[in-house]
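I am opening this structure to log what I look up.

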Amino acid sequence: MMRMQRLPVDDELFYAGNKKAAAEYLKRIQGTYIRNLSDGTTARISSTSIGKLLSNKALSKSLANGFSIPEHDTAAANIARLFREAVCMVTRPDRKGSPDIVAIHIYQVRIQFKERVGIAEILLKESRQNGHLIY
């Protein structure tokens with residue numbers, strides 16, 4: 001059964017500050033399904049999602065795109081809100097050709113940090129077995 005959670009829609013982000021705070025914040029919504037407002041897609045935040053969001057690989061991509069470590073941790077912690085407000089920009093097949101993966105969807109959303117605005121990218125993996133997972 002889907003557990004839908006209404007998250008606050010306000011202008012305030014949870015400023016994580018570090019990976020541990022982001023992980024603790026994300027664990028509160030683990031297993032939650034979030035509906036995207038632009039296309040109606042419902043995606044789940046799993047323990048794998050949390051691990052991917054806070055991985056060194058994800059951090060490296062954020063740093064390469066001009067985000068700081070605290071900004072990356074803040075974006076990761078606010079992934080449910082960001083996904084809800086994002087727009088799907090690209091849908092493509094899985095690069096590894098996995099038969100279980102239906103498609104990879106890449107969403108983008110504007111994120112307002114205290115000092116500046118950025119564009120966050122959210123990867124959504126659509127699989128036959130697990131549905132839509134936020135990465």
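My notes below go from the whole chain to single residues.

**Ground rules**

I am working on a predicted model, where local features need pLDDT of at least 70, side-chain atom pairs count only at pLDDT 80 or more, and totals for chains, interfaces and linings use all residues. I number residues from 1 along each chain as its sequence is written, and side-chain values use heavy atoms, with hydrogens and water left out.

**Whole chain**

I looked up the secondary structure first. The protein chain has five helices and six strands. Helices here are DSSP runs of H or I with at least four residues, strands are runs of E with at least two, and numbering starts at the N terminus. I read the order along the sequence as α-β-β-α-α-α-α-β-β-β-β.

Next I checked the dimensions. Along the principal axes, the C-alpha atoms fill a box of roughly 40 × 30 × 25 Å. The radius of gyration of the protein chain is 14 Å, which agrees with the value near 14 Å for a compact globule of 135 residues. That radius is taken over C-alpha atoms, and the globule rule is 2.2 Å times the number of residues to the power 0.38.

Then I looked at burial. Buried residues account for 44% of the 135 residues. I use buried for under 20% relative accessible area, exposed for over 50%, and partly exposed for in between (1.4 Å probe, protein chains only).

The accessible surface of the protein chain is about 7900 Å², and 52% of that belongs to carbon and sulfur atoms. Areas come from the Shrake-Rupley method with a 1.4 Å probe; for residues, only the protein chains shown count as cover.

I also checked contact range. Among contacts between residues at least 6 apart in sequence, 57% join residues at least 24 apart. Contact means heavy atoms within 4.5 Å.

**Salt bridges**

How many salt bridges does a search of the whole structure find? I get two. The criterion is a side-chain nitrogen of Lys or Arg within 4 Å of a carboxyl oxygen of Asp or Glu.

One is between Glu-71 and Arg-116, at 2.8 Å from N to O. Glu-71 lies in helix α4 (residues 69-77) and Arg-116 in the loop between β4 (101-112) and β5, so the pair ties together parts 45 residues apart in sequence. I find Glu-71 buried at 11% relative accessibility. Arg-116 is partly exposed at 32%.

Another joins the side chains of Glu-85 and Arg-81, at 3.6 Å from N to O. Both residues lie in helix α5 (residues 79-85), four residues apart, about one turn of the helix. Glu-85 counts as partly exposed because its relative accessibility is 34%. Arg-81, at 14%, counts as buried.

**Helix α4**

I went back to α4 for its cover. Seven of its nine residues are buried. They are Glu-71, His-72, Asp-73, Thr-74, Ala-75, Ala-76 and Ala-77. What covers them includes α1 (19-27), α2, α3 (56-64), α5 and β4.

**Ile-50**

Ile-50 sits in helix α2 (residues 47-53). I find Ile-50 buried, at 8% relative accessibility. Leaving out residues up to four places away in sequence, Ile-50 touches Leu-26, Lys-27, Gln-30 and Ile-45. Gln-30 is 20 residues from Ile-50 in sequence and 7.9 Å away, C-alpha to C-alpha.

Strands β5 (residues 117-127) and β6 (residues 131-134) run antiparallel, joined by four bridges. Pairing requires at least two DSSP bridges between two strands. Three residues lie between the strands of this hairpin.

Which residue in β6 is the bridge partner of Lys-125? I find Leu-133. Leu-133 is buried at 8% relative accessibility. Not counting residues up to four places away in sequence, Leu-133 touches Arg-44, Ser-46, Ser-49, Leu-123, Leu-124 and Lys-125. From Leu-133 to Ile-104 I note 9.9 Å, C-alpha to C-alpha, and 29 residues in sequence.

**Surface patch**

Last, I looked for nonpolar surface. Val-87, Met-89 and Val-90 make a nonpolar patch of about 250 Å². Patch residues have over 30% relative accessible area and no salt bridge; like charges are joined within 9 Å, nonpolar side chains (Val, Leu, Ile, Met, Phe, Trp, Tyr) within 5 Å. Val-87 lies in strand β3 (residues 87-92). At 40% relative accessibility, Val-87 is partly exposed.
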